[in-house]
Amino acid sequence: SRRLASSGRDGITVWDTGPGYEDLTLNGHTGEVTCAVWSPDGRHVASASRDRTVRVWDVATKQVQTLGGSTEELLAVAWSGDGSYLASMDRTGVVKVWDTQTWQPVATLTGWSSNAAFMLAISQQPTWRAKLAWSADSRHLAAAIGLQTGRADATSSDDVTVWEAGTWQPVFGPEEMMAQGP
C-alpha cells in the first residue's frame with residue numbers, strides 16, 4: 001500500500017490508499033505539528049511540534065516515543081538515510097540529533113552566522129522557515145534557516161550549515177557561503 005503522512009493543528013493523519021485500509025490519526029502533541037516525516041524503513045513517523053517535542057510513532061502499534069529537551073518551538077525533523085539518527089531544529093536554529101537505537105541525544109548543533117543568530121534572537125514571531133536534510137550516505141546533516149516572507153515573489157537568503165555525522169563538526173557554513181559570494 002501507499003501511505004502519506006500530513007501534519008497540522010489537529011495532529012498527524014496517515015492516509016493509506018490501499019484497499020481495505022483505514023486512515024490513521026496520531027494524536028498526542030499539545031501544539032501545532034509543524035513537520036512529519038517517514039522513517040527510511042516506513043515503520044515510523046517522526047513529528048516536530050510547537051509544543052517543543054519530537055514524537056516518534058510506530059504506525060503499526062501506535063506506540064509513541066517522546067523526545068523533549070527543547071526550550072523553543074520545533075520547526076523541522078529528519079531521519080538519516082540509514083535510520084540511525086533523527087534530527088530536529090527549533091525556531092532559534094538549534095539542531096538536536098538522537099541515536100535511534102537508544103533515543104539518547106548525541107549532539108546539539110549551532111553554527112549560524114552572527115546576522116542570522118541576531119535575527120533569530122530578536123524574532124518574537126515564528127516567521128522562520130527551517131529545513132533539515134541528510135546526505136544519501138548519512139555522513140552529513142545539512143540545516144537551513146531563513147525568513148519566511150509570505151510572498152511568493154519575495155526572496156530571502158538562507159543560512160546553511162553542514163555537519164559531519166559522528167564528529168558533529170561543521171564542514172560548510174556561513175563563512176564559506178560569504179566567501180563564494182552571490
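Guide: Let's start with lysine 62, which sits in the loop between β6 and β7 (64–67); strands here are DSSP runs of E with at least two residues, helices are runs of H or I with at least four, and both are numbered from the N terminus. This is a predicted model, where local features need pLDDT of at least 70, side-chain atom pairs count only at pLDDT 80 or more, and totals for chains, interfaces and linings use all residues. Residues are numbered from 1 along each chain as its sequence is written, and side-chain values use heavy atoms, leaving out hydrogens and water.

Most residues other than glycine have a negative phi. Arginine 52 also has a positive phi, near 75°, and this arginine belongs to the loop between β5 (44–49) and β6 (54–58). Arginine 52 counts as partly exposed because its relative accessible area is 39%, and that label covers the range between buried (under 20%) and exposed (over 50%), using a 1.4 Å probe and protein chains only.

Now hop along to arginine 91, in the loop between β9 (85–90) and β10 (95–99). With a relative accessible area of 9%, arginine 91 is buried.

Zooming out, the chain has two helices and 15 strands, and 44% of its 182 residues count as buried.
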